[in-house]
Amino acid sequence: QQIINGLVLGSMYALVALGYTMVYGIINLINFAHGEVLMVGALVSWTVVSALQGYGLPGWALMLVALGCAVAVCMALNYAIERVAYRPLRRAPRLAPLITAMGMSLLLQTLAMILWKPNPKPFPQLLPAEPIEVMGAVISVTQVLILVSTLVILVSL
């Protein structure tokens with residue numbers, strides 16, 4: 001059971017690390033706002049799922065619509081951050097973009113608290129909740145999806 005738990009948690013860490021690595025490889029800057037962009041994506045998907053939940057769509061359809069909206073918002077947000085905050089400092093000393101990245105992180109946190117309030121947001125169960133038993137260990141459909149999508153993304157890149 002702990003091997004499955006470790007693989008799922010490690011997969012999530014791998015995806016976040018992959019994002020940091022890709023950003024650093026492209027703009028040579030550690031983007032301290034990376035986690036906040038992921039947070040905005042999660043909150044956008046929560047908002048979409050909450051808004052569409054009463055329309056009778058199956059969970060997988062809700063998840064795909066929410067994912068598409070979150071990806072679009074995160075792409076636009078990252079593009080705006082790069083254009084407004086990072087690109088003007090491309091030739092500046094290394095400290096200026098670093099401080100700007102920290103500032104973007106704080107700005108996104110504050111904006112998220114203003115828009116979504118700083119309260120816990122329970123995410124509805126969209127995939128089947130019945131666990132799958134594998135050699136005495138239990139794994140959920142969500143965990144299988146995390147493992148498979150991480151493997152596909154890492155192999156693709």
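**A walk through the helices**

Start by selecting K121 and W46: K121 lies over the face of the W46 ring, 5.6 Å from the ring centre. Keep in mind as you click around that this is a predicted model.

Now pick out helix α3, residues 59-86. How far apart are its end C-alpha atoms? They are 38 Å apart, which agrees with the 40 Å that 28 residues should span at 1.5 Å a residue. Colour the buried residues of α3, including G59, A66, C74, L77, I81 and Y86. Then show α1 (2-27), α2 (34-52) and α4 (95-116), because these are what the buried residues of α3 pack against.

Stay with Y86 for a moment. Beyond its close neighbours in sequence (those within four places), Y86 is in contact with I27, L29, N31, A33, I81, P97, T100, A101 and M104.

Next, the largest nonpolar core, with 23 residues. Select V37, L77, I81, Y86, M104, L108 and W116, the ones with the most contacts inside that core. Helices α2, α3 and α4 are the elements that each give two or more residues to the core.

Last stop: the UniProt record. An unreviewed entry there annotates residues 12-30, 61-81, 93-116 and 136-155 as "transmembrane region". Residues 12-30 are 84% helix and 0% strand, with end C-alpha atoms 19 Å apart. Residues 93-116 are 92% helix and 0% strand, and here the end C-alpha atoms lie 35 Å apart.

Note on methods: Residues numbered from 1 in each chain as written. Predicted model: local features only at pLDDT ≥ 70, side-chain atom pairs only at ≥ 80, totals over all residues. Heavy atoms only, no water. Helix = DSSP H or I, 4+ residues; strand = E, 2+ residues; numbered from the N terminus. Expected span 1.5 Å × (residues − 1). Buried < 20%, exposed > 50% of the residue type's maximum accessible area, 1.4 Å probe, protein only. Contact = heavy atoms within 4.5 Å. Core = buried A, V, L, I, M, F, W, Y, C linked by side-chain atoms within 4.5 Å. Lys NZ or Arg CZ within 6 Å of the ring centre and 35° of its normal. UniProt positions renumbered as here; feature names shortened; annotations may be inferred.
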